[in-house]
Amino acid sequence: MLSSRPYLARGLYEWLLDNEHTPYVVVDAEQAGVIVPRQFVQNGQIVLNVGPTAVRDLHIENDAITFSARFGGQPMQVVVPMPALIAIYARENGVGMVFGHEPVIPQALEENGEGEGKERPELTAVDSESHDSEGQEEAKSKSKGRPSLRVIK
């Protein structure tokens, strides 16, 4: 599956604009591929106004957010890879969303050729008669008809 982050970011951006709010993004400036004005980075992060009056050619794609803006009068092309997007919120009231760490999805690893040769966990049916006698008496002593879960090694 693809990451949900770009879809949520696009939706929140449009929602903030529809409600006449100014969208801001918080970016992890330490991540690979991030191109932002380093002089404004504080504690490894930067907050950027991405409203229509502040940026040009804004594109929120599945892999990155890109736009042109002026910082201290100097034009700059900004690139924010999606994994570096920490949050998007409204300047006026702080309403928005903070994105947590998104784990790598196994299917994506397989499609990229990673994770090959690694054994994946799977569920299998276990016949109750094939278990050893250990724990059978305990199972019989429990009330009948109630399902239970037992770890079998």
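In these legends, a residue is called buried when its relative accessible area is under 20%, exposed when it is over 50%, and partly exposed in between, using a 1.4 Å probe and protein chains only. The model is predicted, so local features are given only at pLDDT of at least 70 and side-chain atom pairs only at pLDDT 80 or more, while totals for chains, interfaces and linings use all residues. Residues are numbered from 1 along each chain as its sequence is written, and side-chain values use heavy atoms, with hydrogens and water left out.

**View 1. The chain as a whole, with its helices and strands.** The chain contains 3 helices and 7 strands, where helices (H or I, at least four residues) and strands (E, at least two) are DSSP runs numbered from the N terminus. Along the sequence these elements follow the pattern α-β-β-β-β-β-β-β-α-α. Of the 153 residues in the chain, 26% are buried. Among the contacts (heavy atoms within 4.5 Å) with a separation of 6 or more, 51% are between residues 24 or more positions apart.

**View 2. Strand β1 and its two partner strands.** Strand β1 is largely enclosed by the rest of the structure, because 5 of its 6 residues are buried. Antiparallel pairing joins β1 to β6 over 5 bridges, and Pro23 has Ala90 of β6 as its bridge partner. The pairing of β1 with β2 is likewise antiparallel and also spans 5 bridges, with Val25 bridged to Leu48 of β2. Thr22, in the loop between α1 and β1, counts as buried at 15% relative accessibility. Apart from neighbours within four places in sequence, Thr22 is in contact with Asn49, Tyr89, Ala90, Arg91 and Glu92.

View 3. Rings of Phe, Tyr and Trp (its six-membered ring) pair if their centres lie within 6.5 Å, and planes under 30 degrees apart count as stacked, over 60 as edge-to-face and the rest as tilted. By this rule there are 2 aromatic pairs. Tyr24 and Tyr89 form a tilted pair, 5.9 Å centre to centre and with 55° between the planes. Tyr24 lies in strand β1 (residues 23-28) and Tyr89 in strand β6 (residues 85-90), so the pair ties together parts that are 65 residues apart in sequence. Tyr24 is buried, with a relative accessible area of 18%, whereas Tyr89 is partly exposed at 23%. The ring centres of Phe40 and Phe71 are 6.2 Å apart and their planes are at 40°, so this pair too is tilted. Phe40, in the loop between β1 and β2 (45-49), and Phe71, in strand β4, are 31 residues apart, and their pair links distant parts of the chain. Phe40 is partly exposed at 42% relative accessibility, while Phe71 is buried at 15%. Elsewhere, Arg10 lies over the face of Tyr7, at 4.8 Å from the ring centre; a charge sits over a ring if NZ of Lys or CZ of Arg is within 6 Å of the ring centre and within 35 degrees of the ring normal.

**View 4. Asp63 in a loop between two strands.** Asp63 lies in the loop between β3 (56-60) and β4 (64-71) and is exposed, with a relative accessible area of 57%. Not counting residues up to four places away in sequence, Asp63 touches Pro81 and Met82. The C-alpha atoms of Asp63 and Pro81 are separated by 5.9 Å, although the two residues are 18 residues apart along the chain.

Key
Two strands pair if DSSP finds at least two bridges between them.
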